[in-house]
Amino acid sequence: MSKIAVIIPTRMGSTRLPNKPLALVNGKPVIQHVYEHAIAVHPKEDVYIAAGDPEIVMEAQKFGAQCILTPAALPSGTDRIVAALKQIDPTGEKYDIIVNFQGDGINVDPKLNLRLVELLNETGADWVTVGKKISDPKDIQNPNYVKIAMGLQPGKDYGRALYFSRSPVPYNRDKDPAKDFAYWHIGIYVYRTEALKRFVEMPVGILESTEKLEQLRALENGMSIYALIVPSIKLIEEAPTDINTPEELALAQKFAF
C-alpha cells in the first residue's frame with residue numbers, strides 16, 4: 001500500500017500580497033486554513049508545511065502543524081517540497097507518493113488529492129495533475145491560462161498530457177464548434193517520490209525556459225504526466241480559489257472556510 005505525504009509549500013515573499021501565509025481570513029492565517037483542509041482528509045502525522053521563513057514556522061507551531069524550514073531563495077514550490085522531504089524522509093524509505101497542496105489554496109477541495117492518488121496508481125504515471133475545460137475564446141487566448149494538449153477519450157475524465165502551453169492548443173483547423181475548447185491546467189500535483197527527486201536534479205529544459213512552465217522539463221525528459229479533468233476544484237464556488245492579491249483576501253473574508 002502506498003505511503004503518502006502531503007507537503008504544503010509556502011513563503012512570505014509574495015510580490016502582490018506580502019506576508020500572504022500569515023494574512024488573516026476570519027481570524028485564522030491563510031496557511032492554517034490550508035493545513036486544516038489537508039488534515040481533514042489525510043492523517044495529521046503525514047501532513048507537513050514546507051516554509052521559506054521562520055515566521056511561518058513560529059505560526060505553524062501555534063496551531064500544531066509539522067513545519068519544516070527550507071531555504072528562502074529556492075526557485076519554486078517543487079524545489080521547496082524536495083528540500084523539506086530531505087529532512088522528513090532522509091533515507092527515502094518512508095513515503096513513495098507526495099501530494100503538493102499549495103499554501104495559498106484556501107478554497108481547494110482536499111478530497112481532490114485522494115482521486116489524484118488513485119489516478120497515479122491506476123495509470124502508473126510519474127506525475128498527475130488537474131485540468132478544467134475552457135471554451136471562452138478570451139481565456140483560450142490568454143497566456144495566463146496554461147493549456148494542456150491531451151486527447152481525452154469519450155467517457156474518460158483523464159488522459160495523458162502531451163504538452164503544456166501558454167498558447168492555444170489544440171488548434172481547431174476545421175473550425176468545428178464542437179472542438180472549440182481547450183483544457184486549462186490547474187497547478188495541483190501528485191508525484192511519485194522517486195520521480196520528483198529525479199526531476200529536481202534535471203537541468204532546466206529548453207521548452208521550460210521558453211514557456212516558463214516547469215512541467216515541460218518533466219516531459220522533455222520522458223516522464224509521464226496524466227491530467228484529471230474536473231468541473232471544479234473549489235469548496236465554495238463563489239469564493240476565490242486561492243489568495244494572491246489584497247482584493248482576493250478581502251473577498252475571502254465573506255465566506256466560512
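Is Trp127 buried or exposed? At 0% relative accessibility, Trp127 counts as buried. The model is a predicted one.

**Aromatic pairs**

The whole structure holds 10 aromatic pairs. Two of them are tabulated here.

| Pair | Centre distance | Plane angle | Class |
|---|---|---|---|
| Trp127 and Tyr191 | 5.0 Å | 90° | edge-to-face |
| Tyr145 and Trp184 | 5.0 Å | 50° | tilted |

Trp127 lies in strand β7 and Tyr191 in strand β11, so their pair ties together parts 64 residues apart in sequence. Tyr191 is buried, at 0% relative accessibility. Tyr145 sits in the loop between α5 and β8, 39 residues from Trp184 in strand β11. Tyr145 is partly exposed at 23%. Trp184 is partly exposed at 27%.

Ring pairs join Trp127, Tyr189, Tyr191 and Phe199 into a cluster. The charged end of Arg217 sits over the ring of Phe199, 4.2 Å from its centre. Lys133 lies over the face of Phe181, 5.0 Å from the ring centre.

**Nonpolar cores**

The largest nonpolar core counts 44 residues, and Ile8 and Ile49 have the most contacts inside it. Contacts of Ile8 include Ile31, Val34, Ile49 and Phe101. A second, separate core has 34 residues, among them Ile68, Ile98, Val200 and Ile225.

**Helix α2**

Helix α2 spans residues 54-62, and its buried residues are Ile56, Val57, Glu59 and Ala60. Seen down the axis, they fall within an arc of 165°, so they line one face of the helix. This buried set packs against β1, β3, β4 and β5. On the other side, Met58, Gln61 and Lys62 are exposed. Gly64 follows α2 and has a positive phi, near 80°.

Note on methods:
Residues are numbered from 1 along each chain as its sequence is written. This is a predicted model: local features need pLDDT of at least 70, side-chain atom pairs count only at pLDDT 80 or more; totals for chains, interfaces and linings use all residues. Side-chain values use heavy atoms; hydrogens and water are left out. A nonpolar core is a set of buried Ala, Val, Leu, Ile, Met, Phe, Trp, Tyr and Cys residues joined through side-chain atoms within 4.5 Å. Buried means under 20% relative accessible area, exposed over 50%, partly exposed in between (1.4 Å probe, protein chains only). Contact means heavy atoms within 4.5 Å. Helices (H or I, at least four residues) and strands (E, at least two) are DSSP runs, numbered from the N terminus. The arc is that of the directions from the helix axis to the C-beta atoms. Rings of Phe, Tyr and Trp (its six-membered ring) pair if their centres lie within 6.5 Å; planes under 30 degrees apart count as stacked, over 60 as edge-to-face and the rest as tilted. A charge sits over a ring if NZ of Lys or CZ of Arg is within 6 Å of the ring centre and within 35 degrees of the ring normal. Lists of a residue's contacts leave out its neighbours within four places in sequence.
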